[in-house]
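Here is a brief report on one protein model. Please keep the sequence and the 3D view open while reading.

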Amino acid sequence: MTADIRVINEFLESLTQHPKTPDEVRFGDTLFYNWDESVPYSSDLYAIELEKDPDRDFVILNFADIQCHDGEAFSEVGEFAEETMDKLIRQTRPDLITLSGDNAFDAFAYLRLIRFIDSYGIPWAAVMGNADHTGLVSEFWGAYQLAEAKNSVFDYGPSGMGYGNYIINITEGGHIIHTLFMLDTHHEEEMQAGSYDHLYDSQIAWYKWAVEGIAAEEGHTVESTAIMHIPVPEYQNAWDSVYDAETGTLRAPYCDHAFCRVQEKMGPPDFNNGFFALCKALGSTKNMLCGHDHVNCFSIDYEGITLTYALKTGYGCYWKPDTHGGTTLTLSSDGHIRVDHHYIDPTASEVKKFVLEYFGINRYGDGIVPKFPDFKG
Ligand SMILES: [Fe+2]
């Protein structure tokens, strides 16, 4: 109960402390920056730097689609989600935690989640999902809470491109060895009716500017990962390239992958903005990580880029017991990343199993309507 009152206080304080609009600047900080292609790139000015210990790998732990409503966040559903995250943090000992969007549905759930993640004292970085405006004071309010948290490295990014497009450079020995592009893929139906949105042309131009700017600074193209909520349409091509629909089996080596499952129709936009093709052409981005489709999970090498559906974390919105947990990106000194899914069994605890199954909380297939009800997985 004390914790609940603290969150209520934080919420009331947030109404008086955060700027009402993105253009209103408080406390002398500039929130968004103005960008066009003529601006010279500088990592010092436009990127966040995190240093890798040369003696060990740099571990990034991703939580996907935690997505609790207020009522859930303060019930067993929220507590079980926190238990899952706590287990994953202790298992993987991350250097950075990322949230790939659809972080929470409502304002109190948002504040509770932020306080929980921040309490570990580990740097963390979130992107916005298509649900990250639902039930909040505004999407900007959510972005402001993410940016103000003590250990969060969330940055607003350039103006006019949404909330939270930012660059994290991971360095070792004074050099950038890998870049994370944190990207806002927006909501739905703003760019095309009946479709989920994706990156604006301006974001894609900004990404190209940064890839080329970092390459100029380092004297070579630096490997990178794009972390965003909504996948690119090529996720479907990747799946089609490894799944034999006639036999219902996966081709090698994916038949040996513990987590290579498509259990709902993919929800990329109904248009192709050319982002994947540009990534291929520039040769920097070797990994994409998305959430969005809660019961899909894979990591497939497709035309030189590893496309990853992260494991869904927690029991908010809709979920399935066989695709639940977190995903790590493990960076070695050579700049390459290895992707691993970390399964957390919701039925390992009898109490949890009873609560989740008896009440059928958000269980996919137990009355929960998937995004595309006609899909036969
Ligand atoms: Fe979601």
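The report goes from the overall fold to the sheets, then to helix packing and single residues.

## Overall fold

The model is predicted. The protein contains 10 helices and 14 strands. Its radius of gyration is 20 Å, close to the 21 Å that the globule rule gives for 377 residues, so the protein is as compact as a globular protein of that length. Along the principal axes, the C-alpha atoms fill a box of roughly 60 × 55 × 50 Å.

Buried residues account for 44% of the 377 residues.

## The seven-stranded sheet

Seven strands form an open sheet. The order is β1-β5-β6-β7-β10-β12-β11, and the pairing is mixed. Strands β1 (47–51) and β11 stand at the edges. Each has a single partner strand, so one side of each is left without a neighbour in the sheet. On average, neighbouring strands are turned by 20° against each other, direction ignored.

Inside this sheet, β7 (residues 224–227) pairs with β10 in the parallel sense. Four bridges link the two strands. Isoleucine 227 has leucine 289 of β10 as its bridge partner. Helix α8 (residues 234–242) packs on the sheet and touches β11 and β12 (305–309). The direction of α8 makes about 90° with that of β11.

Strands β13 (residues 325–331) and β14 pair in the antiparallel sense, over seven bridges. Glycine 325 finds its bridge partner in tyrosine 343 of β14.

## Helix α7 against helix α9

How do the axes of α7 and α9 cross? They come within 11 Å and cross at roughly 10°. The two helices are therefore roughly parallel to each other, since angles under 35 degrees count as roughly parallel.

On the α7 side, the contact is made by Ile204, Lys208 and Val211. On the α9 side, Phe275, Leu278 and Leu282 take part. By class, the contact has five nonpolar, no polar and one charged residues.

## Backbone points to inspect

Two histidines have positive phi values. Histidine 186 has phi near 65°, a positive value in a residue other than glycine. Histidine 186 sits in the loop between β6 (175–182) and α7 (201–218). Is histidine 186 buried or exposed? It has 27 C-beta neighbours inside 10 Å and so counts as buried, as the cut-off for burial is 20 or more.

For histidine 292, phi is near 80°, again positive in a residue other than glycine. Its place is the loop between β10 (285–290) and β11 (298–302). Histidine 292 is buried, with 27 other C-beta atoms within 10 Å. A further backbone feature is the cis peptide bond from alanine 252 to proline 253, with omega near 0°. Proline 253 belongs to the loop between β9 (249–250) and α9 (275–282).

## An exposed aspartate

Aspartate 36 lies in the loop between α1 (2–17) and α2 (43–46). It has 10 other C-beta atoms within 10 Å and is therefore exposed, because 12 or fewer is the cut-off for that class.

How far apart in space are aspartate 36 and glutamate 79? Their C-alpha atoms are 44 Å apart. In sequence, aspartate 36 and glutamate 79 are 43 residues apart.

Definitions and conventions
Residues numbered from 1 in each chain as written. Predicted model: local features only at pLDDT ≥ 70, side-chain atom pairs only at ≥ 80, totals over all residues. Pairing = 2+ DSSP bridges. Axes fitted to C-alpha atoms, helices over the stretch in contact; angles between N-to-C directions. Contact = placed C-beta atoms within 7 Å. Rg over C-alpha atoms; globule rule 2.2 N^0.38 Å. Parallel < 35°, antiparallel > 145°, perpendicular 65-115°, else oblique. Nonpolar A, V, L, I, M, F, W, Y, C, P; charged D, E, K, R; others polar.
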